[in-house]
Amino acid sequence: MKGLITVRDLGPDQLRAMIEEASLLRDMLDRHEEPDPALQGRCVANLFFEPSTRTRLSFELAAKRLGAHVLTLNPATSSASKGESLRDTVLTIAAVGADVMVVRHLEDGVPQSVAEWTGLAVVNGGDGTHEHPTQALLDAVTLSRHYEGLEGLRVGVVGDITHSRVAGSLLHVLPRLGMDVTLVAPTNWLPADTPHQTTTDFDAMIPELDVVYLLRVQTERGGRITDSYVGNFQLDEPRLARMRPDAIILHPGPINRGVEIADEVAESSRSLITEQVRNGVPTRMAVLRAVGL
Amino acid sequence: MKGLITVRDLGPDQLRAMIEEASLLRDMLDRHEEPDPALQGRCVANLFFEPSTRTRLSFELAAKRLGAHVLTLNPATSSASKGESLRDTVLTIAAVGADVMVVRHLEDGVPQSVAEWTGLAVVNGGDGTHEHPTQALLDAVTLSRHYEGLEGLRVGVVGDITHSRVAGSLLHVLPRLGMDVTLVAPTNWLPADTPHQTTTDFDAMIPELDVVYLLRVQTERGGRITDSYVGNFQLDEPRLARMRPDAIILHPGPINRGVEIADEVAESSRSLITEQVRNGVPTRMAVLRAVGL
Amino acid sequence: MKGLITVRDLGPDQLRAMIEEASLLRDMLDRHEEPDPALQGRCVANLFFEPSTRTRLSFELAAKRLGAHVLTLNPATSSASKGESLRDTVLTIAAVGADVMVVRHLEDGVPQSVAEWTGLAVVNGGDGTHEHPTQALLDAVTLSRHYEGLEGLRVGVVGDITHSRVAGSLLHVLPRLGMDVTLVAPTNWLPADTPHQTTTDFDAMIPELDVVYLLRVQTERGGRITDSYVGNFQLDEPRLARMRPDAIILHPGPINRGVEIADEVAESSRSLITEQVRNGVPTRMAVLRAVGL
C-alpha cells in the first residue's frame, strides 16, 4: 500500500484485512504483548498543522510501538515562522529522512499534495472537510469487535455532515462493508447530492438504527451550534430510551458536551466512544505497517 | 504501589526503601550503566498543564531510561483549544494507551481526580499549593547521600510556606524520616495551624540548623517579593558565615536569584542544589518503576 | 573531540576524516542499514532558543539513530517563563542528565558559554551571526560527494555575508579543504576586513565559479531585501545559463523564493539544495558520535 490519502482506494477485501489486523493488534496491546518492530529504523514524521490530541498522540504511539523513530513538527516553533512555504517545509522534512509522513491540515487536499511533492508514503491525518481515513477505519474496527457481522447493520450518521472530514471517509467505508447508511441532519447540513438515504427527522429514525453515529459540530470549520439543533438532534436520555435495546452510540470526538450528546448518555454503557479511542493506536499501527514497509 | 498522589500514603519503611532504590539508580547512572528496562512497552503520559523544565524533562528521561514510550501533552497545541474538558482530554489520553500518567496542574487535587477518572497509576508532578511528592523524595535522597543518618537532623524550611507545594510534601516526609523541622517565615507565610515548630527569626535560628531548606517565593501563585523579606530571610554571605560548619543548603528551584539566596551562596560548596536536580531522574525512575509494573 | 563550538578548531585532516565518516553514514542510511548505536543510554539535549525545522529535527533524528535519549527544550513552555536565567536553565538540564547539548541561540557565543558553565560536550547549532559549524560540514560533505576532489574548486559565497552564521563557519572550512573562495555581495554586506577575495559584480564572477553558494537574506537578524539586491544578485535563469556547465548551486535554507534564487532555478538539476538537507543527519551523527563518546 502506497500511503493512505482516501479510503476510496480501499476495496472491501482490503478494508476487511486491515480491520482484522488492527483487531489482532488491539488484542496484543490489551495483553501487554510487544508487537513485531516492523518499522525499526524507519522514521515517521508527524506533521500536524492543526491542533490535535487524540490523533497526534495515537499516531505517535503507534509508530513508536512499531519501533520507528518519530519526528513531530510543531508548526509554531518551526521555520514556517520564517515564511518558508508549506512545500519547502515538507520537502525539507522529507530530505531530513522521513520514510512516512502523517499529515493533518485545515485545507482539503494537502496530504495528496505532500505525497506528490515528496513521493513518500503519506497517511492522511485529516484534511479540511475532505477525509479522515484512519478515523473511519477505527470506527469500523470498533463495530467489527462489537457485532458478529457488519452486513446489513443500519447506521444513522447524525449532524454536521457538511463540515465533517470524518463523514467524508465514513460514508465510503460503511457501505463497502455492507452497512446501510442514513444521513440524519437539518436541511442545511445535508449534502445536496448524495447516494445515501437522508432524513431531517431524527426522532422518527431512532428506533430503526443499530448504530447512532454522532458527528461533532465543527465550530472550527463553520459549524454553528443552534438551540434548534440541540433540541432536535441532541442524543439525550428520552431519545436514548427510544433506541433499539442493542443499539450503540459512536462519536469521533472531541465531544461538545450538551450539544451532540447529553452528559449522561456519553457516559452510558451504550456509548462505545472510549472503545473508538482505544482502537486508534492498533488501527494506526496496521496502517503504518502497511504503508511503511 | 498504585500511583503517588501524596506522600502521606508512604510510611517510614516505604520511604526508606524508595530512597535507597533511588540512590542505587543514581550510582548506576553515574557509572553510565543501563538500568533494567522495567517499563519496556509501557506508556508514560506526561500531562503538564503548567510550565516546567526540570520536572517535565526529568520524568521524561526517567521513563525513557526504563524503556517506556513517552507521550507529552502540550496543552497549547492540544484539543484543549477546541474547548474539550479536562476530564475528556484525560480520558482520551488514557484510552490512547497510557499506563502511567504524570500530572502537573495549577489546581489542588487534579492528580487525584485524574486517578479517579482513569483508574490508572498517577504520579503527582505538582498540584496547586498542595503537594509535589517526587520533589520531597529527591530532597530526602539528597540528604541521605550526604549524611550517614537522617535521624535527629535539624531542618529549617524557610520562606513562602503558604504557596509552596514542595513544603506540602516535605513537611510530611522529613519527620517520618526522624528529622526535626522548624518553619522559618514572616508571619503572613506561617500556616495558622501546624504541628511544627515555627519562628519568624531566621537569624536566631541559623546556628541551630543542619539543613537550610529555602523555598521559592511563588510569584506565580500569589507570593510577593518584598524588601523586608529579602532583608530578613535572604541567605546571604553574612548568614552563610553563621551557619554550622557542616550545614548544607537546599532549594527546589527555580531559584529567584537575589531573593531567597545571594548569587555567591547559591554557587558555594555548601549548596547541594545541583545535587537535588541530579537526583531527580533516579528518584523518578524509582517511583515510575514502583507504580508502573 | 570535546564539543564543536567553532570549525576553527578543526584542522584539514580532522575535517576530511569527519566528512568521510559522514559520507559513509549517508550511504548506510540510503541502504536503510542500522548504524552502530554508539550513544546508547547517553542523553542528547536539544536547546533551540530560536525557531528551527531542519536543524532541530536533523539533530534529533541523528541522536535517535545513534541510540541516544533525546530531550528537547521548548523555551516557550519551560521555566524560562518563570524568569529563570539562561545559565540556571542550562545548568539544570545538565544536572537532569544530559551528556551532550546542542545549542542554538540568537546571540553570538552562547554555545561557548554553555560549554564553560556545564563542562559538557556542546555542539553549536547556530549562534547569532557567529558560526553554524554543522551546516558548513554538511556543505563540505555535499561537495565531496559531488566532486572527485575539492582542491582548487572556485566557490562564490553570495549575499548577506554580514548577518550569516553559515558564512561564519563556511569561510573557514572551504579554504582548509583547498577551495578558493570569493565573497560576492553589495558593498554593505561585504566585511570590511577579510582575507578572502571580494567582488560586488556577481555577473562578471558567474562564469568563473564551480560552486555558487547562495546565502539566505537574514531578515530575522537585520538583513533587508531590496529591489537592487534582487536585481543584481538573484540567481535567475539568465544567470543560471551563464554558469559553467558543470557548476552547482548550494543554499543553506530556508530559501527566500524569488529573492536569492528564482523558483525554476531552485528546482533545477544544478541545485544540490535537497542533497544538503539529506546530508544533515549523517553529518550530525558523525559529529555527535565524535563528541558524545
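## What counts as a contact

Two residues are in contact here if their C-beta atoms, placed from the backbone, lie within 7 Å. Keep in mind as you read on that this is a predicted model.

## Where chain B meets chain C

With that cut-off, 24 residues of chain B and 20 residues of chain C make up the contact between these two chains. On the chain B side, the elements that each supply at least two residues are α2 (54–65), α11 (273–278) and α12 (280–292). The largest share comes from α2(B), with seven residues.

What is the make-up of this side by class? The side of chain B that touches chain C has eight nonpolar, eight polar and eight charged residues.

## Where chain B meets chain A

Now turn to the other partner, chain A. Here 20 residues of chain B are in contact with 24 residues of chain A. Two or more residues of the chain B side are given by each of β2 (69–73) and α3 (86–96) of chain B. Of the elements, α3(B) gives the most to this side, namely seven residues.

By class, the side of chain B that touches chain A holds seven nonpolar, 10 polar and three charged residues.

## How chains A and B are related

Methods:
Residues are numbered from 1 along each chain as its sequence is written. Chains are lettered from A and ligands numbered from 1 in the order in which they are written. This is a predicted model: local features need pLDDT of at least 70, side-chain atom pairs count only at pLDDT 80 or more; totals for chains, interfaces and linings use all residues. Helices (H or I, at least four residues) and strands (E, at least two) are DSSP runs, numbered from the N terminus. Ala, Val, Leu, Ile, Met, Phe, Trp, Tyr, Cys and Pro count as nonpolar, Asp, Glu, Lys and Arg as charged, and the others, Gly among them, as polar.
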